[in-house]
Amino acid sequence: GEDVWQRLPVLDRRAVQDAGPALRSSFVPPTHGRSAEVTTTGSTGMPVRVLKSQLADLFWGACTLRDLRWHRRDVSGKLALILRDPGGRAGWPAGLALPGWGRVPGSLFASGPAVQLDVMTPVDRQAEWLLRMQPNQLLTFPTNLLHLARHLLDRGQTLPSLRGIWNRSSSNFGNW
């Protein structure tokens with residue numbers, strides 16, 4: 001029953017990292033599809049590595065679509081992503097231009113373009129980039145959003161094209 005969940009210990013980041021592969025399931029049902037290792041962004045300097053199955057990816061995609069629908073997000077506009085880019089393709093000043101909002105939204109909707117900037121870019125440059133890009137939607141991490149908002153407010157700057165903002169606690173576990 002529910003009491004089983006209450007007996008499980010809550011693990012912090014360090015405990016998950018220290019346990020490593022010992023936390024991984026020894027058997028993933030074949031119906032869950034292939035599993036692949038994914039990592040958090042490491043923005044704290046301590047990335048977490050886990051296995052994610054195709055079934056988990058499917059559920060995450062369903063949550064993404066639900067979010068778009070529930071919040072009536074207009075996917076026809078430009079989406080700006082300020083997330084970690086381990087591949088180094090989304091650096092300042094240009095960032096990375098993407099043809100659409102990603103695999104999941106693009107599978108059901110004709111979306112507008114997307115642009116990405118690495119979240120490790122200093123906040124003043126992120127703000128300058130956003131002012132140039134003039135996105136309709138912004139997706140970033142909660143703490144980064146706070147720093148961006150303070151930076152723009154302190155300078156009296158606005159993003160008149162912006163219609164929606166949302167955040168992610170981790171970019172690498174999602175479909176963006």
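## A first look around

In the protein chain, 70% of the contacts with a separation of 6 or more are between residues 24 or more positions apart. Bear in mind that this is a predicted model. Its C-alpha atoms fill a box of roughly 50 × 35 × 35 Å along the principal axes, and 34% of the 176 residues are buried.

As for secondary structure, you can find six helices and seven strands. Starting at the N terminus, they come in the order α-α-β-β-α-β-β-α-β-α-β-α-β.

Let's begin with α5 (residues 123-133) and α6 (residues 142-154), whose axes come within 9 Å and cross at roughly 75 degrees. An angle of 65 to 115 degrees counts as roughly perpendicular, and therefore that is how α5 and α6 lie to each other. On the α5 side, the contact is made by Val-123, Asp-124, Gln-126, Ala-127 and Leu-130, while α6 brings in Asn-144, His-147, Leu-148, His-151 and Leu-152. Sorted by class, that contact has five nonpolar, four polar and one charged residues.

Now for α5 by itself. Its buried residues are Gln-126, Ala-127, Trp-129, Leu-130 and Met-133. Around the axis they cover an arc of only 160 degrees, so they sit on the same side of α5. What do the buried residues of α5 pack against? They pack against β3, β5 (114-118), β6 and α6.

Over in α6, there are 13 residues, and the distance from the first C-alpha to the last is 18 Å, close to the 18 Å expected at 1.5 Å a residue. Asn-144, Leu-148, His-151 and Leu-152 are the buried residues of α6. Looking down the α6 axis, you would see these buried residues fall within an arc of 95 degrees, so they line one face of the helix. On the other side of α6 are Thr-143, Leu-153 and Asp-154, which are exposed. The buried residues of α6 have β3 (79-83), α5 and β6 (137-140) as packing partners.

A few spots in the backbone deserve a look of their own. Where does Arg-72 sit? Arg-72 is in the loop between α3 (54-70) and β3. Although Arg-72 is not a glycine, its phi is positive, about 50 degrees. Arg-72 is exposed as well, with a relative accessible area of 73%.

Gln-134 also has a positive phi without being a glycine, near 45 degrees. Is Gln-134 buried or partly exposed? With 28% relative accessibility, Gln-134 counts as partly exposed.

α6 has a positive phi after it as well: Gly-156 follows the helix, with a phi near 65 degrees.

| Residue | Phi |
|---|---|
| Arg-72 | about 50 degrees |
| Gln-134 | near 45 degrees |
| Gly-156 | near 65 degrees |

There's a cis peptide bond to spot too. That bond runs from Trp-92 to Pro-93, and its omega is near 15 degrees. Pro-93 lies in the loop between β3 and β4 (96-98).

## Two residues and their neighbors

Val-75 is in the loop between α3 and β3, and it is buried, with a relative accessible area of 10%. How many residues separate Val-75 and Ser-111 along the chain? They are 36 residues apart, yet their C-alpha atoms are separated by 4.9 Å. Leaving out residues up to four places away in sequence, Val-75 touches Leu-68, Trp-101, Phe-109, Ala-110, Ser-111 and Gly-112.

Leu-131 takes us back to helix α5. At 25% relative accessibility, Leu-131 counts as partly exposed. From Leu-131 to Trp-166 is 35 residues in sequence and 18 Å in space, C-alpha to C-alpha. Which residues does Leu-131 touch, not counting those up to four places away in sequence? They are Gln-157, Thr-158 and Leu-159.

Technical notes
Residues numbered from 1 in each chain as written. Predicted model: local features only at pLDDT ≥ 70, side-chain atom pairs only at ≥ 80, totals over all residues. Heavy atoms only, no water. Axes fitted to C-alpha atoms, helices over the stretch in contact; angles between N-to-C directions. Helix = DSSP H or I, 4+ residues; strand = E, 2+ residues; numbered from the N terminus. Parallel < 35°, antiparallel > 145°, perpendicular 65-115°, else oblique. Contact = heavy atoms within 4.5 Å. Nonpolar A, V, L, I, M, F, W, Y, C, P; charged D, E, K, R; others polar. Expected span 1.5 Å × (residues − 1). Buried < 20%, exposed > 50% of the residue type's maximum accessible area, 1.4 Å probe, protein only. Arc of directions from axis to C-beta.
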